[in-house]
Amino acid sequence: MTIEEAARYVAAAYAVILAVLILYFIISARRMSRLTRDVDLLEREVERRQAGGSPEA
Amino acid sequence: MKKLVSAPSLFIGAGIFLIVGLLLGFWWAPVDSSSMGFSQKIFYYHAPIAETALVAFGIAFVAAIAYLRTQDLKWDRLGYVCVRLGLLFSVMVMITGMIWGKASWGTWWAWEPRLTTFLLVCFLYVAYWVLRSVVEEEQRRATYAAVFAIIAFIDVPITFFATRFLPEGLHPVVITTGDTGMEGSMFASFFISMIGMTLLLVALIRSELLVETLKDRVADLKHSIGG
C-alpha cells in the first residue's frame, strides 16, 4: 500500500474520532443547557410559591 | 448554579495533550518500518482510546463493588456514567480499528481473539444499559446494574490479555513488560496521547456526573412543587 492510500485510511480514522467527539459534545452541551434552564425555572417557581404566590398567577 | 459548571481546565489540558501527541506522532515519530507502514499512525489515538475505554469499565467495576458495600446511589451514578463513556470510547475503538484493519490486514473484520473479546465487552455493556432501562425502582436497578457490571468486567482483562495468551491472532502485542516494542519517539507520542485521553475521560466523567446531578435536582424540584 502506498503512503497516499494509507493516508486516506489514517485521515478517515481521525475524522471518525473527531466526528464522534463533536457529536457527543453537541448532544452533551444541549442536554446540559436544557437541564440548567429547567432547574432555573423550577427554582424560580418554588421561590414564588414559597413567597405566597398562586401557581396560576 | 456556578459550582455545577464543569472545570474547563480539564478539557483544555486534555486537548493540549491530545494535539501535542498527535503532532509528535505525525511529525516526530518515524513511519513504521513493518508491513503496517503509514497506517500505523492510527495507533496514536486508537490504542489510547482503547485503554481509556477499558479504564472506564474498570472504574464502573470499582463503583459497582462500592455500591454493593454501601448502597450509596452516588456509586451507582458513577458506574452508569463510566459505562456510558466506556461505550462511547468503544465505538471509536471499533470504527478506527476496522479502518486500520482494512489498511494493514486488508480486511475490515477478523474473528480473532482481541477483536472478538472486545466486541463481547461492547455487547455486555450494551446489555447493562438495557438492563437499567427495564428496572423502574431505583435501588433495585442500582443493585442489578452493580452485579451485572461486576460480571461484565470479567471480559475486560480477557480482552487486554487476549493477544498475549493467544498470540496467533492478527492483533500485534506492542507493549510488553520491560519493552515498549517501538521506538522512543513513537512511545513518547503514544504516551502523551494516553495522558490526553485519560484527562478527557476524567473531564467527561465530571461533566456527566454534573448532568446526573442536574437531573436529580430537576426531579427534586418537580416533586417539591407537585409536578
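The following is a working conversation about chain B of a predicted model and its contacts with chain A.

Me: Which conventions apply here?
Reply: This is a predicted model, in which local features need pLDDT of at least 70, side-chain atom pairs count only at pLDDT 80 or more, and totals for chains, interfaces and linings use all residues. Residues are numbered from 1 along each chain as its sequence is written, and chains are lettered from A and ligands numbered from 1 in the order in which they are written.

Me: How many helices and strands does chain B have?
Reply: Chain B has seven helices and zero strands; helices (H or I, at least four residues) and strands (E, at least two) are DSSP runs, numbered from the N terminus.

Me: What does the C-alpha trace of chain B span along its principal axes?
Reply: The span is about 65 × 35 × 30 Å.

Me: How many residues of chain B are in contact with chain A?
Reply: On chain B, 27 residues are in contact with 25 residues of chain A, where contact means that C-beta atoms, placed from the backbone, lie within 7 Å. Helix H2 (43-70), helix H3 (73-104) and helix H7 (184-224) of chain B each give two or more residues to that side.

Me: At what angle do H3(B) and H7(B) cross?
Reply: They cross at roughly 125 degrees, and their axes come within 10 Å. Axes are lines fitted to C-alpha atoms, for helices over the stretch in contact, and angles run from 0 to 180 degrees between N-to-C directions. H3(B) is therefore oblique to H7(B); angles under 35 degrees count as roughly parallel, over 145 as roughly antiparallel, 65 to 115 as roughly perpendicular and the rest as oblique.

Me: Which residues of H3(B) meet H7(B)?
Reply: Arg77(B), Leu78(B), Val81(B), Cys82(B), Arg84(B) and Leu85(B) meet residues of H7(B), including Glu208(B) and Glu212(B).

Me: And how do H3(B) and H4(B) pack?
Reply: H3(B) and helix H4 (residues 113-134) of chain B pack at an angle of about 145 degrees, with axes 10 Å apart.

Me: Changing topic, how many residues has the largest nonpolar core?
Reply: The largest nonpolar core has 62 residues, and Phe57(B), Ala60(B) and Ala149(B) have the most contacts inside it. Such a core is a set of buried Ala, Val, Leu, Ile, Met, Phe, Trp, Tyr and Cys residues joined through C-beta atoms within 7 Å; buried means that 20 or more other C-beta atoms lie within 10 Å of a residue's own.

Me: What does Ala149(B) touch?
Reply: Not counting residues up to four places away in sequence, Ala149(B) touches Ala60(B), Phe61(B), Ala64(B), Gly79(B), Val83(B) and Tyr128(B).

Technical notes. Two residues are in contact if their C-beta atoms, placed from the backbone, lie within 7 Å. A residue is buried if 20 or more other C-beta atoms lie within 10 Å of its own, exposed if 12 or fewer, and partly exposed in between; C-beta atoms are placed from the backbone.
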